Amino acid sequence: MEEMKKEKSCGAVIYKVDENERISFLLIKQKTGHFGFPKGHVENDETEVETATREVKEETNLDVIIDTSFRMISTYSPVKGVLKDVIYFLAKPTSEEIIPQEEEVEVAIWCNYYVAKRLLTHRQNKNILRNALNYIKRNVLNKRTCIFQKRK
């Protein structure tokens, strides 16, 4: 049996929450036709977070803050003989202007959870999206609304 070649990429599930606590996710449609999250290969001695931040910037033009408390791994074989790990973090944009990377990205769109789930090409990404939504509800929304509750 031949040795599987290992590859590693990092990316991010980018989200934003509006004033009505509606959550939107940013999906990219690659030139290959697949909908997913921004991601790419680790270069040189980059950390996972550095790779995810760079790839998000390259593919969408967005600057983001990475939440390392949310970290999921998607493992699959993109081609025969290759096993690939993609590490996904959660990220919030700190800039607004989206400019899709011409070479790789056809379009980048904000959508709600249900549209995102329908558009995502791969089952593993749908699972990551669901986990991201639950994480945001537990760790982001709950903490935000607590600030406004009166103390007894």
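In what order do the elements of the protein run from the N terminus on? In this predicted model, the order is β-β-β-β-α-β-β-β-α-α.

## Overall architecture

The protein contains three helices and seven strands. Its radius of gyration is 16 Å, close to the 15 Å that the globule rule gives for 152 residues, so the protein is as compact as a globular protein of that length. Taken along the principal axes, the box filled by the C-alpha atoms is roughly 65 × 30 × 30 Å.

Of the 152 residues, 40% are buried. The accessible surface amounts to about 9,400 Å², and carbon and sulfur atoms account for 50% of that area. When contacts between residues at least 6 apart in sequence are considered, 69% of them join residues at least 24 apart.

In soluble globular proteins, nonpolar side chains tend to be buried together. Here, the largest nonpolar core comprises 25 residues, and the members that touch the most other members are Y15, I23, F25, F37, L90 and I136. Two or more residues are contributed by each of the strands β1 (5-17), β2 (23-30), β5 (64-76) and β6 (82-93), and likewise by the helices α2 (113-119) and α3 (123-147). Helix α3 supplies the largest share of this core, with eight residues.

## Surroundings of I23

Which residues are in contact with I23, leaving aside its neighbours within four places in sequence? They are Y15, K16, V17, C111, N112, Y113, L133, I136 and L141. Two of these partners, Y15 and I136, are listed together with I23 among the core residues that touch the most other members.

Residue K8 lies in strand β1.

Apart from its neighbours within four places in sequence, K8 is in contact with G40, H41, V42, E48, D85 and I87. With one of these residues, E48, a polar contact is formed from side chain to side chain, at 2.7 Å. As for K57, 49 residues from K8 along the chain, the C-alpha atoms of the two lysines are separated by 18 Å.

Definitions and conventions:
Residues numbered from 1 in each chain as written. Predicted model: local features only at pLDDT ≥ 70, side-chain atom pairs only at ≥ 80, totals over all residues. Heavy atoms only, no water. Core = buried A, V, L, I, M, F, W, Y, C linked by side-chain atoms within 4.5 Å. Buried < 20%, exposed > 50% of the residue type's maximum accessible area, 1.4 Å probe, protein only. Helix = DSSP H or I, 4+ residues; strand = E, 2+ residues; numbered from the N terminus. Contact = heavy atoms within 4.5 Å. Polar contact = N/O pair within 3.5 Å; in protein donor to acceptor, adjacent residues only side chain to side chain. Rg over C-alpha atoms; globule rule 2.2 N^0.38 Å. Areas by Shrake-Rupley, 256 points an atom, 1.4 Å probe, with all protein chains shown as cover.
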